[in-house]
Amino acid sequence: MPSIIGHAAVGLAASLAVPPQSRSWRVVALAATCSVLPDLDTIGFWYGIPYDHWLGHRGFLHGHPFALAAGILAAWLAKPCPARRMQWLALAALFTLCTASHGLLDAATSGGLGIAFFSPFSGHRFFLPWRPIAVAPLNPARMLSPWGVRVLASELIWVEVPALCIALALWASHRWRQRVGFHNRATNTRRAAGHSP
C-alpha cells in the first residue's frame, strides 16, 4: 500500500473537483478521510484476522461495494442542501471514487496480497498489470527506515506529483470558469443597459 500521505493526497486533490462555492472544510476533510479509510482493516492484525480473510487487509474495506457505501454515507455527512439532489449525487460519486482510489493505488504496488475489489461477493484478489509503486511497510515505525524512504520517493513520483498536477488543473479550471462567468455577466449587464458589448 502507499502510505497514508499518498492516499490522502489523492483525496485532497479530488476535493478540488467540487466548485469553490460548494466546497467546504467538511467536503475536503471527508474526501481525504475516504481516501485513507480502507486501511482501517489493518486493525484486524491485532485481533488475529488473517491477511487473506475477507475481513483482512486489502479485503472487504478495499472493495468497490464498500467504496460505494462509504461514498453515500460521506455525502450524507457533508450535509449539502437537500433541495439540490444533483449536488448530493455528485458528492456521493466523488467520495465513492476517493474511497475506491485506495484499492486501485494498492493494486499498483509492488508487494502484499492483491485487492478483493468485489468482496464480499468474491474473495478473489487482483493486482493491476502495471505496479510501479513501492509497497509501504505495515509497521509505521519502519517508514523511517531505508525501505520507508524508498516508498516515499516512489509515492512522490507516482502519487503526489500526479495528484498535485490534477489539483492545479482543477483549480485553473475553476478560475477560468469564474472569469468567463464574470465576463458574460458583465456583457449581459451592458446589453441590458443598452450598450454595445
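This section describes the cysteines and the aromatic rings of a predicted model.

No disulfides are present in the structure, the count being zero. C98 takes part in no such bond, and the nearest cysteine sulfur, which belongs to C34, lies 6.3 Å away. C165, by contrast, is partly exposed, with a relative accessible area of 48%.

Aromatic pairs number six in the model. One of them joins W130 and W158, whose ring centres are 5.0 Å apart. The planes of these two rings stand at 90°, so the pair is classed as edge-to-face. W130 belongs to the loop between helix 4 (85–106) and helix 5 (146–192), whereas W158 lies in helix 5. The contact therefore ties together parts of the chain that are 28 residues apart in sequence. The accessibility of the two residues was also computed: W130 is exposed, with a relative accessible area of 57%, and W158 is partly exposed, at 38%.

Ring pairs also connect W54, F60 and F66, which form a cluster. A further contact of an aromatic ring involves a charge: the charged end of R131 is placed over the ring of F127, at 3.6 Å from the ring centre.

How values were computed. Residues are numbered from 1 along each chain as its sequence is written. This is a predicted model: local features need pLDDT of at least 70, side-chain atom pairs count only at pLDDT 80 or more; totals for chains, interfaces and linings use all residues. Side-chain values use heavy atoms; hydrogens and water are left out. A disulfide is a pair of cysteine sulfur atoms within 2.5 Å. Buried means under 20% relative accessible area, exposed over 50%, partly exposed in between (1.4 Å probe, protein chains only). Rings of Phe, Tyr and Trp (its six-membered ring) pair if their centres lie within 6.5 Å; planes under 30 degrees apart count as stacked, over 60 as edge-to-face and the rest as tilted. Helices (H or I, at least four residues) and strands (E, at least two) are DSSP runs, numbered from the N terminus. A charge sits over a ring if NZ of Lys or CZ of Arg is within 6 Å of the ring centre and within 35 degrees of the ring normal.
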